[in-house]
Amino acid sequence: MNINAVFSWCLLMIFACLLVISPNASICAQNPQPYFKNFTTDQGLPSPEVHCILQDSKGYMWFGTDNGTSRFDGYTFVNYSVSDGLNHPVVFGLQEDGEGRIWMRTLTGNLYYFQSGRIYAYEYNHIIQEYNKSDLYALTDFYISDDGYVYADIRLFGVLKIDKAGNFEIVDDLIKPTSNSHQQIEIPSNLESNNRKKSRIDSIFQAINFEYTYGYINEQKEIFIALPARKGVRKYKNGKQLLNNDYTQLLEGLSISYIYQDREGHYWFASLEKGIYYCSNFNIDVYNQANGFANELFTAITFKNDHEIYIGLRSGEVYLLNVKDQQLETLPSNNSETRLFDLSYDQLNKRLWMSGRTFYYLNEQAWEAVVPSSLRKNESILTKKLFLAPKRKILWGAGSKGFMAYNFETQQIVFKGFGAWEKSVTNRTLSVYEDLEGKVWLGNIGGLFHLQKDKLVHAKDPKDLFSIRVEDIAQMSDSTLVVGTKGAGVVLWKGNDYKYISTEDGLNSNMVEHVHVDSQDRIWVGTLSGLTLISDIRDSTFALKPINMAHGLPSNEINVINSINNQLWIGTSKGLVNFEVQDFTSKNAAPILEETLINDQKKHIVNNDWLKSNQNNIQFSFLSIDYALAGKINYRYRLKESSNWTYTKARTANFLSLAPDEYTFEVQAENKNGVWSAPAKISFSIRPPFWKTKLFILIASCSIMALVYLLYKYRINQIIYKTQIERKMDKLERSALKAQMNPHFIFNCLNSIQAFITEGNRKDAADYLAKFAQLIRSTLNFSSAGFSVLAEEIEAIKHYLELEQMRFKNRFQYTIDIEPKLNPNLIRVPNLLVQPFVENAIVHGISSKSQDGLVQLFYQLNENYLEVIIKDNGEGIHRSSKISKGSSGKPHKSVGMSITQRRLELLNQKSHQKGVQIKEIKNQKEEPIGTEVRLKIKILE
């Protein structure tokens, strides 16, 4: 802040009259004080001795103490000392440079700076120390320019200028650089060319005829002077008051070493004895024991006139405060009362009334009790709230056993209990109010009642809130009734119009203690959580502004509210408050996003950052620096603009298992006026896993479509191929049937039957004919099905062998063996596969033998194949082939065997197994003694 203009304005007035100022002029002993919050070592300061203050560009407050430097964010103090690199912990000066580093001037004349959580010694401290040897306090001030020059004010030498390379010089003829624009004249940009002598703000105050330690002038031209020897601070509203020695005494009993006004306009005072004192509002005056009151629990306020106020304490003391001259008069005590609940001043009769066990009025120097005649001796009704009717004819009082009314004309008091009218409601009455039309309303723990012709009528509202406890009643100028409830907030009622105001609308609490309507129809609601101003009340809208300790109240416990001439007076549990109604609409800055954890690991996210799909557990840490709220800050955050806000007092937001998407994290803080700050935002996206990306989905879709197409084509080809195989199999089966039942075979069979008959061997002819008929029947059965069980196939072969045995006059024998583990009734095989090879063994193998021919069949399992071995003891393959050559000279090839081989190839093609293996059986002399045929037949499921 450049305050040259301020100094120019006040210099003329100050120096013209300096000599007439007397340091011993009397001051008002009853001046109220604003509320100060004190931060000491109990709250985290490293020492109660504080020498300097700074607010950095981020809003953090820094304090230089005799035990290191401390940074405060409104929640906690973070302290830095020797272990953090600050080897000389007594800090006398603080400044932030253009890079955001915090510089520190120590008692020893060394400079240090804070950067990234660590403190570093200035690399050219040795240059400063060369000029600092003769005087421990030679380094009186310093300044870091935007271009990186360090200016060190060395006593007796001048200003030492050091560049980044360590080059230095003494520059004396220039305005003194400043590390704190609050204390000194701001340095001009053209340092080297400015020939004016260095000057300080303290050179202005040095001409004042009393000793001081620090001086400060704010933008409003208010002057603060800190005095030594625990004399606190004098605050002058302007230069004229300085000349007239008219000031407000602050923080008496403390030695103030530094005064600082932060960006919010709040004040920080560094003391040498008790740490830091913080004041958020100098426009709020607080009266307490320091002003002459017995204690600080104020319960009653009433006005004698526009500058004299009667004030009551819960303990029974009553005072008259003259606001003009701040004189406090103690009124006679009421020895019969130890508790005071309310006061009311009757200006027409010039009489002050008090509520206690009954009504009292102040009769010159004594309190007189007014007791209803209906009360028994020593009976108490414990009257709490008083209400003086507008026409000044009746004083109403609400009490524990009903209510009372004192008539000024008849000077009679009447007591009424609720039980006389409303037996279901207890007598305990909390408030009585007579409205502008003369109607009397009573607030009772049973709700709101209207007194009508000596009858109580229970008021009703649409939400039935008038059936719960009503604590206080007031009325606006348009006759709107203001009802304060215990638990449901405030109800505004006029005719058929009801407005319900609760914490959802911004009320400090739904547990209302007091309601008050001032001369401008503003409603003040007192609770144990602070004060709320309800204003701008229209047909369907209203504005709420919370006021609490953050605004300068000494306590949030509101006991009584009253106002006169736009001056609001509030009795709290820690002092009496007076302030002029102000604007409470300021906004605070957006919160700071301090840290981000991804999967519990620190990670710096930049705006529009991309995260992997598994980086989806995110925690944001944020901070709003609002010292007035003392860490009790409400936050709200959301992850998408379309989402609802999440409200919290915590400073972290956790999001687990976030789905891949685009997000914008927003967080806002609510200030002391109930206004939400601008949001702090950061946008980021979580990539989907590769298998969820558009490219992968496209590739996968194309691949699936291609695979489906290939499977479709494969299936179609398979069906076509299977159909072709089945057709070939059918054709081959028909060929096999035809081959088995060829005319030559049938002709031979018939000739054999004829021969048996000619020879007269009728029995053999009949047997042969029966077996031939069974073979024909089996063959016909096989023609209707492509497959049969193995047992049927073996039976058919047996019939064939028996026929051939009879035809060849039993010149050969046969055997059929089946492996024990093979069940021929459970295995299905294609028809007529074995028979052609058996026929070939008989016709071409043993037919030339005159006797002792042998045909052997063996069935066994080999993996999922049926293996059939056919042996004969004929002449062998090669010799039989020569014998069997036809007229062409070529070997005879069995048509049945050829068809069977092709059928087996079709059945076994997938496994590429060779279906037929034929080899010649030889003896030790390598002479052929037979033929072996091995068939491998795929077993059908």
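Two strands are taken to pair if DSSP finds at least two bridges between them, and the close-up views below apply this to a predicted model.

**View 1. Pairing of β18 with β19 in an open sheet of four strands.** Strand β18 and strand β19, the latter made up of residues 267-271, are joined by five bridges and pair in the antiparallel sense. One of the facing positions is that of Q261, which stands opposite Y267 of β19. The open sheet of four strands has the order β1-β20-β19-β18, and its pairing is antiparallel. Its edges are formed by β1 (37-39) and β18 (256-261), each of which pairs on one side only. On average, and with direction ignored, neighbouring strands of this sheet are turned by 20° against each other.

View 2. F224 lies in strand β15, which spans residues 223-226, and F224 is buried, its relative accessible area being 0%. When neighbours within four places in sequence are left aside, the residues in contact with F224 include Y214, Y216, V233, L250, I259, Y267, F269 and F282.

View 3. On one side, β8 is joined by four bridges to strand β7 (residues 102-106), the two running antiparallel, and here M104 has Y112 of β8 as its bridge partner. The hairpin formed by β7 and β8 has four residues between the strands, and G109 in its turn has a positive phi of about 85°. Strand β8 is also joined to β9 by four bridges, again in an antiparallel arrangement, with Y113 standing opposite Y120 in β9. In the hairpin of β8 and β9 two residues lie between the strands, and S116 in the turn has a positive phi of about 55°.

**View 4. The buried face of helix α2 and the strands that cover it.** Helix α2 comprises residues 125-132, and its buried residues are N125, I127, I128, Y131 and N132. Seen down the axis of α2, these buried residues fall within an arc of 160°, and they therefore line one face of the helix. The cover over the buried residues of α2 includes β8 (111-115) and β9 (118-121), together with β10 (139-144), β11 (150-154), β12 (158-162) and β13 (168-171).

Notes:
Residues are numbered from 1 along each chain as its sequence is written. This is a predicted model: local features need pLDDT of at least 70, side-chain atom pairs count only at pLDDT 80 or more; totals for chains, interfaces and linings use all residues. Side-chain values use heavy atoms; hydrogens and water are left out. Buried means under 20% relative accessible area, exposed over 50%, partly exposed in between (1.4 Å probe, protein chains only). The arc is that of the directions from the helix axis to the C-beta atoms. Contact means heavy atoms within 4.5 Å. Axes are lines fitted to C-alpha atoms, for helices over the stretch in contact, and angles run from 0 to 180 degrees between N-to-C directions.
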